[in-house]
Amino acid sequence: MSVKHPIIAVTGSSGAGTTTTTTAFSHIFRQLGINAAFVEGDSFHHYTRAEMEVMIRKAKAENRNISYFGAEANDFARLEKCFTDYSNSGIGETRAYLHTFDEAVPYNQMPGTFTQWQPLPDNTDMLYYEGLHGGVVTPEHNVAQHVDLLIGMVPIVNLEWIQKIIRDTSERGHTQEKVMSSIVRSMDDYINHITPQFSRTHINFQRVPTVDTSNPFSAKDIPSLDESFVVIRFRGMENVDFPYYLRMIQGSFMSRVNTLVVPGGKMSLAMELILTPLIRALMERRQACLAMEALEQQGQNKPQQPDPN
């Protein structure tokens with residue numbers, strides 16, 4: 001993992017609330033004056049939407065499944081290279097996946113297509129990734145090893161399905177039957193590629209609704225944050241100031257020695273309280289590294305004194 005070029009990754013499946021988390025991170029970056037390079041996980045899909053439809057039909061004819069959760073539909077090699085290049089040199093490439101007509105029209109393209117690959121901006125302070133595979137590990141690729149702060153966004157599975165069904169039917173024009181078929185088709189990849197990441201994260205934010213979600217396929221709306229609790233699990237982190245969080249977040253409590261539970265409506269506050277000092281620490285490590293490099297460079301450029309002999 002890098003000190004000079006830190007990487008933050010927020011990982012979670014579609015509809016998990018990762019985009020909402022990006023808003024919180026953007027606010028923290030502005031507060032701390034951090035210039036971050038933003039990378040979307042969808043950039044690393046192998047196929048356009050039309051190509052994916054063809055691959056789904058082909059896989060079905062061969063009695064197998066393919067989904068956006070798995071290795072076949074994603075370029076894990078290119079994602080790992082992006083993280084490696086940024087960690088080593090502060091460089092990399094990304095593009096955008098255009099989900100909707102509103103996103104596609106400025107590029108004179110159709111929804112479900114990609115923009116061209118472009119280099120990341122120069123002289124950024126850190127890389128911020130949001131998507132499906134920020135902590136993925138396979139026999140061939142280890143993306144997680146390059147991440148300095150790995151955050152999991154994990155709604156319980158019924159809530160995740162409700163969010164996906166309502167989003168994909170209302171915003172992306174899919175039928176409920178098509179979304180349900182996608183959920184079933186994705187299950188093996190979800191188990192093998194998505195859920196293992198949440199055992200590698202430094203912090204998980206898991207939203208648990210307090211209303212009945214027992215049949216997600218008949219739900220008419222998404223439970224609100226105020227109808228939820230957020231379970232926040234810390235892994236392998238020292239000096240976590242739980243008493244401070246309990247004082248600052250009304251209605252919070254500890255459920256285990258490493259787990260804080262907060263009311264859903266306090267999720268944004270909890271994220272800022274917890275993540276701001278961690279991001280500040282990454283920035284301080286980067287600045288210390290840059291200062292050390294500058295001193296070393298000065299020493300190398302200092303004129304040599306003539307030998308008196």
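Aromatic rings and their burial

Q: Why does Phe 253 count as partly exposed?
A: In this predicted model, Phe 253 has a relative accessibility of 39%. Partly exposed covers the range between under 20% (buried) and over 50% (exposed), so Phe 253 at 39% counts as partly exposed.

Q: How many aromatic pairs does the structure hold?
A: There are 14 aromatic pairs.

Q: What makes Tyr 97 and Phe 114 an aromatic pair that is edge-to-face?
A: Their rings lie 5.1 Å apart, centre to centre, with 65 degrees between the planes.

Q: Which distant parts of the chain does the pair of Tyr 97 and Phe 114 link?
A: Tyr 97 is in strand β4 (residues 97–98) and Phe 114 is in strand β5 (residues 113–114), 17 residues apart.

Q: Why is Tyr 97 called buried?
A: Its relative accessible area is 5%. Buried means under 20%, so Tyr 97 is buried. Phe 114, with a relative accessible area of 11%, is buried because the value is also under 20%.

Q: What makes Phe 229 and Phe 253 an edge-to-face pair?
A: The centres are 6.2 Å apart and the planes are at 75 degrees. The limits are within 6.5 Å and over 60 degrees, so the pair is edge-to-face. Phe 229 is in strand β10 (residues 228–234) and Phe 253 is in strand β11 (residues 253–256), 24 residues apart.

Q: How do you know that the charged end of Arg 95 sits over the ring of Phe 114?
A: The charged end of Arg 95 is 3.6 Å from the ring centre of Phe 114 and sits over that ring; the distance limit is within 6 Å.

Definitions and conventions
Residues numbered from 1 in each chain as written. Predicted model: local features only at pLDDT ≥ 70, side-chain atom pairs only at ≥ 80, totals over all residues. Heavy atoms only, no water. Phe/Tyr/Trp six-rings, centres within 6.5 Å; stacked < 30°, edge-to-face > 60°. Helix = DSSP H or I, 4+ residues; strand = E, 2+ residues; numbered from the N terminus. Buried < 20%, exposed > 50% of the residue type's maximum accessible area, 1.4 Å probe, protein only. Lys NZ or Arg CZ within 6 Å of the ring centre and 35° of its normal.
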